[in-house]
Amino acid sequence: MTVTDGAGVLRFSLLGPLRAWRGETELALGSPQQRAVLAVLLLRRGRAVGVGELVDGIWGHDPPAGAVPVLRTYVSRLRKVLESDRTPGVPPRLVVSIGDGYALRTEEITSDLGEFEEGLALAELRRARGDSRGAARLLGTALTAWHGTPLAGVPGPFAVTERARLTERRLTALEYWLRVELELGRHEAVLPELVALRGAQPLREAVCELLLVALHRCGRQAEALEVYAGTRRTLVDELGIEPGPSLRATHARLLAGDPDLSPPPVPVPAPDTDGTGREDDPDPEPADDPDPDEHARVAGDVHPSQLPADLPLFTGRDTELGQVDALLPAEEHPATAVIGLINGMAGAGKTTLAVHWAHRVAHRFPDGSLYVNLRGYDQGGSVMDPSEALETFLVALGVAPQAVPEGLDAQAALYRSVLARRRVLIVLDNARDSGQVRPLLPGTPGCLVIVTSRSRLTGLVAGHGAHPLTLGPLSTGEARAMLTRRIGAVRVEAEPEAADAIVELCARLPLALAIVAARAAHHPGFRLADIAGELRETHGSLDAFTGGDAHTDARAVFSWSYHALPSPAAELFRRLSLHPGPDIGTAAAAALAAVPPRPVRALLAELTGASLLGEHAPGRYAFHDLLRAYARELADTEDTEERRDAALHRMHDHYLHTTHHASAIISPLRETLRLPPNTTDGGAPRFTGRKQAMQWLRTERHVLRAVVEHGAAHGYEDHAWRTAVGLDLYFDRLGFWHDLMEINSAALRAARAVGDRLGEAHALRGLGFFHTRFAHSAEARRDLGRALELFRAEGDLPGQARTRRCLAYQANGEGRFTVSLDHYEHARELYRTEGNTSSEAIVLNEVGWTYILLGEHDKALEHCEKAVALHQEIGDPIGEAAAQDSVGYAHHQLGRYDAAVERFEQALALYREVGDHYLEADTLRHIADSRLAAGDRDAAIGAFRKALALLEETSHPEAADLRATLRDLGAAGPGETGDGPP
């Protein structure tokens, strides 16, 4: 088989001894039992294989004591062989975990077996079209893939069964080829093959029939009759049976001298669709969907709970609640996924109703709830792409961020597979059209989907059987009850006519009523009659609220609320509409408004208090889409273009400088980029430590992507590419590779638009590196090569060195270690010229890792020790920790487990000092591996438990693997038993 795993092209062979190569280098696959594990994973072709099934397949029903830990050791070793370039701490890309078992990623795999199967399929297609000559040629080529007994040397019951199955498939294919050759009149050419095959398989009646036809056509009737007689005797003597009806019929026609004697109808070999020999899977996966772990590690015990908070003051909608209640299936196991669609005019309360009802029924869905605001009518242009929503959902369901596949189709297929056999409540809020929703629908029964939209989404109703509910204004009684709950019964009862007037002037729209009620609640001394009077005076039109009836026009509500704001708050309201992201933090709001952070918090409180802005998380604000549109109208009419441009310039300065400050905190000795002066009044926020910097980057993830894209499209090209450069380190570590591809693509557009060759070089370097992450070899070489040319032309030595390191990383992935070492040598020389000792030390460590990949562990130790010394000399604890970890890994590979642990513990102390909990957990796992290899099981369990505690602090998806490891060692973590998940 061949597979692009990010470390180069791997080629496997199963139709003979089980072997593997990377390029021209054959890989050492380990012990026979380890090869047996690989054989099971290869032949399951991406399907998950449980630990129990693996144990049975390798050892049968009498496995040795400790079989499961030994099995996991085999898997770990296979990962090291097949993914030799994988950075410690980065989840496996090829052999991935699912539940308590494993699967082999196969989307890029072909094989000698796969080539054989493909040849059979193509041959049958040619034959069906009347091209027997082409079919014969394809069959002959397919049969050359065989070079011995399949899985020769692989032990275990699974291998025995598969050997027999594969051997039978070869014989069936060979018979098929011989039949086609006879149909073409090539009886003389195939006669020797048939004679030899009959000698090897004397009990196969189909072979005997083909041989009879060939002999007859060659004029050798007497020999043909002798062959039949011999076959009959063998069948009777060894099996106690007479020849079957087909062979007897051919014999009779031979005796009659039939001149048209033709080959018997040998069955076409059936396709082996799942690689297991079971053509009729008793529990098939949904069509076109991959196994849940073909691309990702899925934590089976993850139960997301993403619903926003319910509105405590929810009022009315009893009729509508009854209608959505009717969507719930009466039976526990419904036949299809159920889709409810709540549509209606803007401001009717669709989201509020959907969230309120979802909370009422969430207990019916034991596997959790998902929620996303699709921003379908966002006036800022940040309508959510279905791919972004899918990535968010997949991660919430337990898929590692690094393992989310590329492309909408692949993501949707994985999403449907993860949801298979689960019961999840899914709320898709504020959808723009059916196309935005379709990829987010489950493919199997058990889930309930609630969609809200201003559109009727007719395609969803017609094509997917969605149950529509059109939400109009509240009834008069419900609207009055809503006003009463928000401002109190005393005020309403004191002025009932004014209350009724407010209800009607707000067109009984929940959003409009909420704004007016907030105004009244904040001013308890205001008479309701005065509030109603203000509404009458300003009653105009608001296009976004128009539902075809003049009485449902509510622009007056917005305009009145806006004009009631103090001038600074009103100005901030307009400024916020310029922001391109889905939400905004306090510091960014301060930059837009040119106001220091402390006063801007008071202004934000004014806006949220007037229900003109929502605070969906502490310090994170977002517009209702209608209010954003209204605020943008005001910005366009009340502010000059110069003022808008100045605000946007400050915003881009804020994100540019804050991003680079965060990056410098995370990696203080990394080479830096010169930045333009910061125009924000308070400067960029200052972070006190790595944890705070990383939290800011994580929180602003989607905003930063939108900001870079906005800058590239709206005249802030320099900000766009420079911001992109500051994001690559942290986003790469977290596996946000899809984001970085889009960010660097926007940065490239920006740099090229203004002819900035340095910016183009940085963007190409980023794109090339992340093409490497996705194993896009040709694209990576193209972009990195062009980046290197541009950096040379600009005389940028650090840029050249960094690009060389990217090229070396890619070469390592392809097994071109000599090329890699050459790139590293150039990079090291460039850093020496610059006097950049820190980066030179990093390169030494990377060279050492390359020697580990080559199996030259003594050379690896030499270079990594030099890296340690340099990092110590300049006082770089992060770099030293990485180098100490590499030294430990080299010792471990040499079987020096005590020496390995000593170095791992030095790395551990340094990671604790700088507060990097993820790398601390990763090193603890290395310590546990070495302790386990040395036979110290208790110490290994202790290290694994400490690592698990650190990963669970951040709900890291790798925690699931550690829990499984501890269960296998009979050492379940807190709240667990040794028998399974809690």
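Histidine 303 lies in the loop between α10 (245-255) and α11 (318-325). Helices (H or I, at least four residues) and strands (E, at least two) are DSSP runs, numbered from the N terminus. This is a predicted model, in which local features need pLDDT of at least 70, side-chain atom pairs count only at pLDDT 80 or more, and totals for chains, interfaces and linings use all residues. Residues are numbered from 1 along each chain as its sequence is written, and side-chain values use heavy atoms, with hydrogens and water left out.

Stay with histidine 303 for a moment. At 45% relative accessibility, histidine 303 is partly exposed. The cut-offs are these: buried means under 20% relative accessible area, exposed means over 50%, and partly exposed lies in between (1.4 Å probe, protein chains only). Which residues does histidine 303 touch, leaving aside its neighbours within four places in sequence? They are Pro366, Asp367 and Gly368. Contact here means heavy atoms within 4.5 Å. Proline 366 is 63 residues away from histidine 303 in sequence, and their C-alpha atoms are 7.8 Å apart in space. A polar atom of the histidine 303 side chain lies 3.4 Å from the backbone oxygen of proline 366.

Now the whole chain. It has 42 helices and 14 strands. Of its 982 residues, 56% count as buried. Take the contacts between residues at least 6 apart in sequence: 68% of them join residues at least 24 apart.

Next come the sheets. Strands of a sheet pair through backbone hydrogen bonds, either parallel or antiparallel. Two strands count as paired if DSSP finds at least two bridges between them.

Strand β8 (residues 369-373) has 4 of its 5 residues buried, so β8 is largely enclosed by the rest of the structure. β8 pairs with strand β9 (residues 425-431) in the parallel sense, over 5 bridges. There, tyrosine 371 stands opposite valine 427 in β9. Towards the other end, strand β7 (residues 338-344) pairs with β11, also in the parallel sense and over 5 bridges. Glycine 340 has histidine 467 in β11 as its bridge partner.

A second open sheet has 3 strands, in the order β12-β14-β13, and its pairing is antiparallel. β12 (584-585) and β13 (614-617) stand at the edges with a single partner strand each, so one side of each is left without a neighbour in the sheet. β12 and strand β14 (residues 620-622) run antiparallel and are joined by 2 bridges. Isoleucine 584 stands opposite tyrosine 621 in β14.

Helix α24 (residues 586-593) packs with helix α27 (residues 641-666). Their angle is about 145°, and their axes are 7 Å apart. How do they cross, left-handed or right-handed? The crossing of α24 and α27 is right-handed; a crossing is right-handed if the near helix is turned clockwise from the far one by less than a right angle, and left-handed if anticlockwise. From α24, Ala587, Ala588, Ala591, Leu592 and Ala593 take part. They meet Ala647, Arg650, Met651, His654 and Tyr655 in α27. By class, this contact has 8 nonpolar, 1 polar and 1 charged residues. Ala, Val, Leu, Ile, Met, Phe, Trp, Tyr, Cys and Pro count as nonpolar, Asp, Glu, Lys and Arg as charged, and the others, Gly among them, as polar.

Two further sites remain. In strand β5 (residues 95-98), Val95 and Ser97 point one way and Val96 and Ile98 the other way, and all are buried. β5 and strand β6 (residues 101-104) run antiparallel, joined by 4 bridges. Valine 96 stands opposite alanine 103 in β6.

Last, glutamine 34 lies in helix α1 (residues 32-44). Glutamine 34 is buried, with a relative accessible area of 3%. Its side chain reaches the backbone oxygen of leucine 29 at 3.1 Å.

Methods: Axes are lines fitted to C-alpha atoms, for helices over the stretch in contact, and angles run from 0 to 180 degrees between N-to-C directions. A polar contact is a pair of N or O atoms within 3.5 Å; within protein, one must be able to donate a hydrogen and the other to accept it, and residues adjacent in sequence count only if both atoms are side-chain atoms.
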